[in-house]
Amino acid sequence: MSLPQQLRDESDFDQLPHNIPISATIADIEEKKGFIDYFRFVIEVKTKGGGKYLIYRRYREFFNLHQILESKYSPEDPEKPGPNTCILPSLPGKVFIGNKQEIAESRIPELNTYMKRLLGLPTWFLLDDTLRMFFYQTDQDSEQQPRALRRLRPPTRKVKTVKPKMDLFSSPRAEAMFDFRGNGKAELNLKRGEVIFLLKRVNADWLEGTVNNQTGIFPQSFVKIIKPLPDSDSEGEGGGHTYSCLRCFLLTPSGVQTRDVCVQEDLTIQPTYKDLLSRMRNVFKEDDIALNYRDPEGDLIRILDDEDVQLMIKEGRDQQRKVNRPVNQFPWELHVTMASDLSAYNNEA
């Protein structure tokens with residue numbers, strides 16, 4: 001992709017409404033019993049404006065969505081797509097025989113890929129009313145009580161019990177909106193209405209806090225924040241891990257995907273080229289990729305080894321004062337391209 005084309009795509013994305021969904025991940029499945037027993041998918045949706053909420057959808061709702069989008073946008077000749085058409089991702093097919101829970105579990109990776117590719121289509125596609133209604137949180141969705149959301153849980157780790165000095169008026173704290181039963185000693189048990197004093201953020205979805213003289217982690221979706229943690233919250237005394245944010249971009253002919261990745265590393269670390277490549281393959285679910293960074297002139301520079309990583313970090317720190325970033329965000333950013341795509345580079349003499 002040429003630099004002007006990329007900038008135009010980024011500008012189009014910036015003009016989208018803040019409530020447009022840009023990513024969706026299946027957090028769990030749950031069984032609904034009635035005249036017909038069925039499983040539905042609990043989906044965490046994130047919007048362009050930073051919002052986050054849960055929706056509940058059955059497979060047949062995915063199927064109906066796909067049929068409507070196909071009738072609107074699929075080109076008659078896939079070899080010659082028109083200006084108002086696009087190639088839709090494939091949806092896993094219907095299964096008529098088998099254990100319903102096993103079928104639902106097996107569909108999760110494919111549906112995650114389907115949603116990722118669907119929301120990665122050109123920006124004009126994201127404005128489609130049918131697509132927006134599918135990912136919209138209805139009143140019925142908001143009334144559901146979230147469960148453990150097991151696919152969003154961080155790795156279980158030992159948690160040191162602490163008894164912080166608690167000031168009801170100044171301490172970061174949250175109120176439990178639902179009961180939550182922790183899975184093991186590392187996770188808190190919460191009852192609706194309890195006030196949890198916040199200690200730190202574990203990742204994008206989990207917090208650590210203390211209630212009833214017990215310290216542990218719990219999902220943010222179960223609580224309402226009364227007073228948030230400061231932007232610079234960290235692991236506090238006693239060492240421990242630091243959670244930092246890495247902003248990365250996937251540049252493709254269809255547009256730019258942006259991801260903020262939570263990593264358990266200090267901002268001063270210099271990762272290896274191999275580690276960065278492996279992490280980006282996992283984040284974007286693409287194997288044949290290349291890593292890049294932007295130099296002070298705005299041109300993409302391909303990263304090939306650890307020395308290039310070192311240069312990227314040095315230039316990022318040199319420009320740090322010119323860019324306003326959150327305190328826990330790395331001063332450098334990764335731009336991921338397909339390994340065979342050389343059009344993203346400025347090759348003008």
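Start by selecting glutamate 208, which sits in strand 6; strands here are DSSP runs of E with at least two residues, helices are runs of H or I with at least four, and both are numbered from the N terminus. This is a predicted model, where local features need pLDDT of at least 70, side-chain atom pairs count only at pLDDT 80 or more, and totals for chains, interfaces and linings use all residues. Residues are numbered from 1 along each chain as its sequence is written, and side-chain values use heavy atoms, with hydrogens and water left out.

Is glutamate 208 buried or exposed? Glutamate 208 counts as buried because its relative accessibility is 4% (buried is under 20% relative accessible area, exposed over 50%, partly exposed in between, with a 1.4 Å probe and protein chains only). Now show side chains: that of glutamate 208 makes a polar contact with the side chain of lysine 200, at 2.2 Å. A polar contact is a pair of N or O atoms within 3.5 Å; within protein, one must be able to donate a hydrogen and the other to accept it, and residues adjacent in sequence count only if both atoms are side-chain atoms.

Next, color all of strand 6 (residues 206-211) and strand 7: six bridges join them, antiparallel. Two strands count as paired if DSSP finds at least two bridges between them. Look for glycine 209, with glycine 216 of strand 7 standing opposite.

Arginine 173 has phenylalanine 197 in strand 5 as its bridge partner.

Last stop: helix 2 (residues 59-73) and helix 3 (residues 100-118), packed at about 35° with axes 13 Å apart. Axes are lines fitted to C-alpha atoms, for helices over the stretch in contact, and angles run from 0 to 180 degrees between N-to-C directions. Show Tyr59, Phe62, Leu65, His66 and Leu69 from helix 2, which meet Arg107, Leu111, Tyr114, Met115 and Leu118 from helix 3 (contact means heavy atoms within 4.5 Å).
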